[in-house]
Amino acid sequence: MERKLSILMVAAEAHPLAKVGGLADVMGALPQALREQGHDVRLALPYYKSMRDKVGSPEKVRGAELFDIALGDTTYPARAWKTRLPNSKVEVYLIESSDFFDRDGIYVDGATGEPYQDDADRFTFFSRAVLRLVKLTGFDPNIIHCHDHQTGFIPAWVKYPPTSAGLPGGLRTVFTIHNLAYQGDHPREMAYKAGFGEEMLKSGADIELNGRVNMMKAGIAAADTITAVSPTYAKEIQTPEFGHGLEEVLRARSSDLVGILNGADYGVWNPEHDGFIACKFSSRKPHGKQKCKWDLLERLNLNLSPDAPLVGIVSRLVAQKGFDILSDAFDRLMELGLGFVILGLGEKRYHEVLTEAAVRFPGRVSLNLAFDEQLAHQIEAGCDMFLMPSRYEPCGLNQMYSMKYGTIPIVRATGGLADTVIDHEKGDESTGFVFTEYSADALFSAVERAGKVFDDKDAWTGMVRRAMAQDFSWDRAAATYTDVYVETLKKGGADR
Ligand code: ADP
Ligand code: GLC
């Protein structure tokens with residue numbers, strides 16, 4: 001370890017405190033992995049109401065017990081608290097606000113199913129409060145590492161006066177893109193609320209896109225270094241197909257853009273000591289996996305012939321994840337004799353399409369429209385195959401978890417899925433099934449191929465063993481982030 005760095009991570013989710021998707025898994029693991037490299041890593045999160053039971057009694061943060069944050073002409077009180085990420089030594093700052101975070105959901109109002117309409121204010125408030133916390137506490141990080149659009153204003157505030165005033169001189173920013181489709185695209189008045197001057201609204205300025213304010217663009221344009229969550233995604237987002245209108249901004253910054261594959265947290269996702277599953281197992285003692293399958297079938301009232309494969313899906317039910325091609329292929333897939341377990345929550349149209357499909361195949365399809373951490377683990381453990389037919393996938397974590405549980409991933413070759421799963425055609429190296437074209441036909445052929453190999457027990461067992469032996473642990477990614485931080489500190493940043 002050459003240099004001990006001080007890093008402040010800022011994000012909207014972190015497992016196990018607040019989770020909607022993979023961002024939470026990353027924030028629950030990467031800070032700890034960096035700590036193990038010797039760095040002082042702290043994490044800042046909004047203090048959502050749903051966290052209260054999990055954090056117990058947090059401590060006050062001296063100097064930042066209560067302070068005001070202005071959004072335009074309105075001032076809102078903020079309180080900062082300090083706790084630790086459960087099961088780790090990572091210190092977490094929590095930003096409390098009765099105006100913005102004293103609600104049941106994280107992004108979506110559970111009662112109506114609608115996203116909160118004031119997210120621009122919520123996350124601008126949160127991000128500003130985090131920067132203020134740095135100033136008030138005298139905590140002197142080398143790097144503020146921001147994640148996704150909710151935190152995108154921070155690099156711009158750090159880069160430009162007047163908001164940069166009072167921040168530590170050598171402070172640098174890293175901005176990680178987890179999902180470019182969600183951008184935080186807001187009306188121009190947001191610039192004023194966020195404390196930016198008129199010049200930041202000029203065409204081509206860091207926070208401006210198409211005459212509006214774009215928080216994702218702010219992060220990309222203003223950060224000293226940008227990372228994306230897999231090498232393939234880092235390339236894809238520089239093209240019109242995957243760039244969501246930001247491809248040119250990204251191309252302009254390509255020399256500062258690095259793709260770093262996420263890791264898998266084997267402290268949480270490991271069949272050898274997973275407390276959620278019916279029977280623990282490992283590649284040396286693989287028999288428990290069969291028990292997990294029986295348990296899952298029974299628990300979900302499925303009647304599957306003993307030699308038929310069970311296919312799992314755990315996913316946000318959104319366009320990104322390939323549910324349109326899945327529903328087009330669904331009836332044909334069922335003719336292969338397999339069973340399906342689907343766990344997910346998301347858009348109403350996918351709830352409806354999947355519900356229709358499920359009722360046509362009673363006893364063979366289990367549809368669970370819920371967020372259920374325990375069932376997610378049981379699906380990883382009890383299924384034979386795991387399907388991720390994503391239209392795009394920045395990294396994807398479930399394919400990595402699946403491999404550890406000997407559940408063979410069937411994935412589309414995009415983003416991190418392309419970087420982690422090796423197709424059956426590669427013989428002795430293979431860990432899954434990969435298809436390229438985004439179509440129901442290509443998806444069907446991949447599952448059909450998997451079905452044929454499943455029937456050849458020796459070939460299947462060999463692939464399962466190889467998949468379980470894959471190592472995607474976080475220490476490799478943490479070492480790469482360390483290199484990125486060190487390089488970032490060499491860059492000439494803002495002159496404060
Ligand atoms: P994304 O971040 O795009 O949703 P990832 O594959 O990176 O996709 O991560 C998704 C994470 O969220 C995984 O840990 C997965 O198990 C979890 N997850 C998604 N939907 C559900 C659900 N309905 N219930 C429980 N866990 C879920
Ligand atoms: C995003 C992406 C997913 C990625 C996760 C964590 O939600 O959709 O592919 O794994 O972030 O980086």
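Reader: Which domains does the domain assignment give for the protein?

Author: The structure is a predicted model. The domain assignment divides the protein into domain 1, covering 6–263 + 475–493, and domain 2, covering 288–471.

Reader: What distance separates the centres of the two domains?

Author: Taken over C-alpha atoms, the centres of domain 1 and domain 2 are 32 Å apart.

Reader: How many residues of each domain are in contact with the other?

Author: On the domain 1 side there are 21 residues, and they are in contact with 19 residues of domain 2.

Reader: And how much area do the two bury between them?

Author: The size of an interface is often expressed as the accessible area lost when the parts come together. Between domain 1 and domain 2 that area is about 1500 Å², with 54% of it on carbon and sulfur atoms.

Reader: How many salt bridges are there between the domains, and how many residue pairs in polar contact?

Author: The count of salt bridges between domain 1 and domain 2 is 0. Residue pairs in polar contact number 11, with both residues at pLDDT 80 or more.

Reader: Which elements give two or more residues to the side of domain 1 that touches domain 2?

Author: Those elements are helix 1 (22–35) and helix 7 (231–236). Helix 7 provides the largest share, 4 residues.

Reader: What is the make-up of that side by class?

Author: The side of domain 1 that touches domain 2 has 8 nonpolar, 9 polar and 4 charged residues.

Reader: Turning to the open sheet of 3 strands, what is its order?

Author: The order is 11-13-12, and the pairing is antiparallel. Strand 11 (185–186) and strand 12 (208–209) are at the edges with a single partner strand each, so one side of each has no neighbour in the sheet.

Reader: How many bridges join strand 11 to strand 13?

Author: There are 2 bridges between strand 11 and strand 13 (residues 212–214), and these strands run antiparallel. Aspartate 185 has asparagine 214, in strand 13, as its bridge partner.

Reader: What stands out about phi of asparagine 210?

Author: Asparagine 210 has a phi near 50°, a positive value in a residue other than glycine. This asparagine 210 is in the loop between strand 12 and strand 13. Most residues other than glycine have a negative phi, and most peptide bonds are trans.

How values were computed. Residues are numbered from 1 along each chain as its sequence is written. Chains are lettered from A and ligands numbered from 1 in the order in which they are written. This is a predicted model: local features need pLDDT of at least 70, side-chain atom pairs count only at pLDDT 80 or more; totals for chains, interfaces and linings use all residues. Side-chain values use heavy atoms; hydrogens and water are left out. Domain bounds come from an automatic or database domain assignment. Contact means heavy atoms within 4.5 Å. Buried area is the accessible area (1.4 Å probe) that two parts lose on being put together, summed over both. A salt bridge is a side-chain nitrogen of Lys or Arg within 4 Å of a carboxyl oxygen of Asp or Glu. A polar contact is a pair of N or O atoms within 3.5 Å; within protein, one must be able to donate a hydrogen and the other to accept it, and residues adjacent in sequence count only if both atoms are side-chain atoms. Ala, Val, Leu, Ile, Met, Phe, Trp, Tyr, Cys and Pro count as nonpolar, Asp, Glu, Lys and Arg as charged, and the others, Gly among them, as polar. Two strands pair if DSSP finds at least two bridges between them.
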